[in-house]
Number of protein chains: 2
Amino acid sequence: MGAEGNQDGTVGKALDVLDMVAGAGKPVRFSDLLVHSAYPKATLYRFLQTLTNQGMLTLDPDRGTYALGVRLVRLAHAAWQQSSLAPLARPYLDELARETGETIHLAQMDMGQVLYVDKRNAAKPVEMFSSAGKVGPAYCTGVGKAMLAHLPDDALNTVLARQSFHRFTPHTYATPAALMTELQAIRARGHAFDREEHEPGIICVAVPILTRAGRVMGAISLTSTTQRTTLTALESHADQIKHTAGKIAAEAESWRFPEQNG
Amino acid sequence: MGAEGNQDGTVGKALDVLDMVAGAGKPVRFSDLLVHSAYPKATLYRFLQTLTNQGMLTLDPDRGTYALGVRLVRLAHAAWQQSSLAPLARPYLDELARETGETIHLAQMDMGQVLYVDKRNAAKPVEMFSSAGKVGPAYCTGVGKAMLAHLPDDALNTVLARQSFHRFTPHTYATPAALMTELQAIRARGHAFDREEHEPGIICVAVPILTRAGRVMGAISLTSTTQRTTLTALESHADQIKHTAGKIAAEAESWRFPEQNG
DNA sequence: CCTGATGGTTCCATTATTTGAAACTTAGTC
DNA sequence: GACTAAGTTTCAAATAATGGAACCATCAGG
């Protein structure tokens, strides 16, 4: 049930193919792609050639498989630096991690999904690339809901329209209506919870990072497990997180930051 | 500055524009790009629109500036996982770092340049995204030369043709001829040195990671400074590094194939 | 209030590129 | 050697990209 339907000319189609390879999660053969592709043989073939030529894909000549190219890693380095909150937020997250001793996530919105751009893990040393870049659903994660709650109406609708609500756990808000009520509460409260809505046993408090004008830039969450702590205990850190979010927002604004779109 | 030599149809040109934004290193205005661009106003404009639409770029509506989009971060996560040696090499690099106590780099080749995909720093905790994704010259770094030395002739020539040899330090090999001799020595020896060729005071030993068939997959280096140690002392780790490289190569080769459907 | 810049956006006839069915070339099997 | 599956190339028709020029702000002076 992937969202097919691209309207951006040749470039859009090529990026579609790129996504398809990315989505596979591992090297894929031409014919594998062909089956799932909307494009005819020759067309798909030419796209793959072009993308390979451009270093966006690599072709393993032995196996005849395509995989994402390392050029992306280079681009992402630049992207992460110039357009994610992560480099700027780093010291503040470090501080928050030190003070609270809990796992911290920094996330932004990408195409209606939550994209984690940084992480601090209380226990283990950081595994950056392996966690930054991960995506998750917006409607059932703390950071996701925190951001959704502060999206302008039209953007929110666009995002929700693209969602297919899946009931991950018994606590998941599985309808737009239920979610809307929850978002309102979050807006009033200033922070969002994850009450085991995505994964059983995993809870968190999340706070949005907003510009002075109220535009959503990202969100921070403090995550733990039901075994280690309770939601109430986590909530006691809420003000602290808000403070951190505020500092990040302030610094981001002084550096003038690009907006997220849905 | 770089001589444009792109011709991969529309897609290639669009990716060119993407690189241009990446190269700027900071959010750029339309007109800034227009000056440096080979494309006329309307064309460049449409590319920017398309790329923004696709989430490869973000447009800050207040400033009117473009920056790399977070979609790249998501793609890179996948790229790093599925097509770099990093995830697979991680435990081996950890081990090597523990044993030697020195800084370790894992690099691969990208468009004739060295691309660092992972790093272990003896002293400080890792700063992954901020170091993975970095690029450097091939002809004057340990990892670069280690890889060049094992490239097939035609590939080597392609790469060298693209290089503009810059004399970073007095020790830099600044001509293809001099470099060729060095590469021969490296091939014979099995490992490469960086004798302060890129940065004064920085030295390293590097070893290529090769498939059984002899194809270059990447390289590992062990880096230090002239103040802390000597090249001879570093070289004493050479066999250890080769051993690590061998293990990574073996695992990389065995860890390739199956396919799913769905 | 006008006038001229500057920076960004849209039009649209022309042109070049993409498209994709089909033919072809391997490489692998029985 | 004949059959199949996977990958590659061809080529006329369809389509999308091109870019010169016109257009629409917004702002700064006069």
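**View 1. Helices and strands of chain A in the predicted model.** Chain A contains 11 helices and nine strands. Its radius of gyration is 20 Å, close to the 18 Å that the globule rule gives for 262 residues, so chain A is as compact as a globular protein of that length. The C-alpha trace of chain A spans about 60 × 40 × 40 Å along its principal axes.

**View 2. Burial and contacts within chain A.** Of the 262 residues of chain A, 46% count as buried. Where contacts in chain A link residues at least 6 apart in sequence, 60% of them join residues at least 24 apart.

**View 3. The side of chain A that touches chain B.** Here 56 residues of chain A are in contact with 56 residues of chain B. The elements of chain A that each supply at least two residues to this side include helices H1 (9-24), H3 (41-53), H4 (71-83) and H5 (86-100), along with strands E4 (103-110) and E5 (113-120). H4(A) gives the most, with 12 residues. By class, this side of chain A has 29 nonpolar, 17 polar and 10 charged residues.

**View 4. The surface near DNA strand D.** DNA strand D is surrounded by 18 residues, and the closest are A:Gly9, A:Ser31, A:Ala42, B:Pro40 and B:Ala42. From chain A, H1, H2 (30-36) and H3 each supply at least two residues of this surface, as do H1 (9-24) and H3 (41-53) of chain B. H3(B) gives the most, with four residues. The residues of the surface near DNA strand D comprise seven nonpolar, six polar and five charged.

Definitions and conventions
Residues are numbered from 1 along each chain as its sequence is written. Chains are lettered from A and ligands numbered from 1 in the order in which they are written. This is a predicted model: local features need pLDDT of at least 70, side-chain atom pairs count only at pLDDT 80 or more; totals for chains, interfaces and linings use all residues. The radius of gyration is taken over C-alpha atoms; the globule rule is 2.2 Å times the number of residues to the power 0.38. A residue is buried if 20 or more other C-beta atoms lie within 10 Å of its own, exposed if 12 or fewer, and partly exposed in between; C-beta atoms are placed from the backbone. Two residues are in contact if their C-beta atoms, placed from the backbone, lie within 7 Å. Ala, Val, Leu, Ile, Met, Phe, Trp, Tyr, Cys and Pro count as nonpolar, Asp, Glu, Lys and Arg as charged, and the others, Gly among them, as polar. A residue is near a molecule or strand if its C-beta atom, placed from the backbone, lies within 6 Å of it.
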